[in-house]
Amino acid sequence: SGLVVAMDGPSGSGKSSASRGVARALGLRYLDTGAMYRAVTWWMLQQKVDLADPQAIAARSGEPSLIMSTDPDAPGVSVDGVDVNGPIRGPEVTGAVSAVSAVPEVRRRLVALQQEIIAESLPGGGIVVEGRDIGTVVAPDAPVKVYLTASADARARRRTAELTGTTVETQKAEMARRDTLDSTRKADPLASAADAIELDTTPLTLDDVIAEVLRFVKE
Ligand code: C5P
C-alpha cells in the first residue's frame, strides 16, 4: 500500500508548486527529480567534466552521492554533503542540465535512486514525484498520473517571476531550447504517459491545479 502520484510536464507548467501542494494536502512525501539531474550537473561542472563529451559524463556518473529531502515543506538536495539548492537553479546549471540528463548512464543511476526513494515512502503513505518520465519510466504502475502543460507564454511568465534579471522573451527562448533537447533525446524523452490525465494549467490558479489533481486522486 501507499500512494504514488506521478506529475510530469515541462518547466513552467506549474509542476513544482502543484506537486508540493498535493503532497501537503495528502500528507505524502515529495520528490523533485529535476533537482537530481540539476545536482549531478552542478557536480560535473564543479569537476570540470567536458559536458560536450557524453562518454566523459558517463564515466563519472557513479561518483556524486546525492541525499534528497522529501519533506514538501523543506525539499532539497545535497551532493557529497554540500547543500546545492541555490546553485542548481542558476543559469549555468540550467543551461547544461539537458546535456547531462541525456546520458543513459546518468538516467539509469538516478531512476534507480528515485525508485528506492519511492519504495521507502510507501509504508508512510506514499509520495508525489515530479519530473519528465515519472509516469512512463520511473513509476509506470503509479495509480495517478498527471501531465501538466501550459502555453509557452504562461510558462515563460511563471519562470521569469521566479528569477531575477531576466525577461519573458529570454526565458521563452531558453525553455524552447530545453524542451527540444528533452523531448528529442533517445533515452526516456519527455512525453506524456498513455494513461496520464492531461491538465492545461494556462487559465488556472495554483489552488485550481491542486484541487483538480486531488479530484483525480479521489476518483
Ligand atoms: O524540472 P526541471 O526544470 O528542474 O528539470 C531540469 C532538467 O532535468 C530538465 O530540463 C531535463 O533535462 C531533466 N529531467 C529529466 N528527467 C526528469 C526530470 C528532469 O530528464 N525526470
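This is a predicted model: local features need pLDDT of at least 70, side-chain atom pairs count only at pLDDT 80 or more; totals for chains, interfaces and linings use all residues.
Reader: Which strands pair with β7?

Author: There is β1, residues 3-8, which pairs with β7 in the parallel sense over 4 bridges. There is also β8, residues 197-200, which runs parallel to β7 and is joined to it by 4 bridges.

Reader: Which residue in β7 is the bridge partner of Asp-8?

Author: That partner is Tyr-147. Tyr-147 also stands opposite Glu-198 in β8.

Reader: What holds paired strands together in general?

Author: Strands of a sheet pair through backbone hydrogen bonds, and the pairing may be parallel or antiparallel.

Reader: Then what is the order of the strands in this sheet?

Author: The sheet is open and has 5 strands in the order β2-β6-β1-β7-β8, with parallel pairing. Its edge strands are β2, residues 29-32, and β8, each of which pairs on one side only. On average, neighbouring strands of the sheet are turned by 20 degrees against each other, direction ignored.

Reader: How many bridges are there between β2 and β6?

Author: The parallel pairing of β2 with β6, residues 126-131, runs over 4 bridges. Within it, Leu-31 has Val-129 in β6 as its bridge partner.

Reader: Which strands does helix α9 lie across?

Author: Helix α9, residues 206-218, lies across β1, β7 and β8, and runs at about 155 degrees to β7.

Reader: Changing topic: how many residues surround the ligand?

Author: The ligand is surrounded by 13 residues, of which the closest are Gly-34, Tyr-37, Ser-101, Gly-131 and Arg-132. By class, this shell has 2 nonpolar, 6 polar and 5 charged residues.

Reader: Which helix gives the largest share of that shell?

Author: The largest share, 4 residues, comes from α2. Helices α2 (33-46), α4 (91-101) and α8 (168-184) each supply at least two residues of the shell.

Reader: And the whole protein: how many helices and strands has it?

Author: The protein has 9 helices and 8 strands. Buried residues make up 41% of its 219 residues.

Reader: What does the radius of gyration say about the overall form?

Author: For 219 residues, a compact globule would have a radius of gyration near 17 Å, and the 16 Å of this protein agrees with that. Its C-alpha atoms fill a box of roughly 50 × 40 × 30 Å along the principal axes.

Technical notes: Residues are numbered from 1 along each chain as its sequence is written. The radius of gyration is taken over C-alpha atoms; the globule rule is 2.2 Å times the number of residues to the power 0.38. A residue is buried if 20 or more other C-beta atoms lie within 10 Å of its own, exposed if 12 or fewer, and partly exposed in between; C-beta atoms are placed from the backbone. Two strands pair if DSSP finds at least two bridges between them. A residue is near a molecule or strand if its C-beta atom, placed from the backbone, lies within 6 Å of it. Ala, Val, Leu, Ile, Met, Phe, Trp, Tyr, Cys and Pro count as nonpolar, Asp, Glu, Lys and Arg as charged, and the others, Gly among them, as polar. Axes are lines fitted to C-alpha atoms, for helices over the stretch in contact, and angles run from 0 to 180 degrees between N-to-C directions. Two residues are in contact if their C-beta atoms, placed from the backbone, lie within 7 Å.
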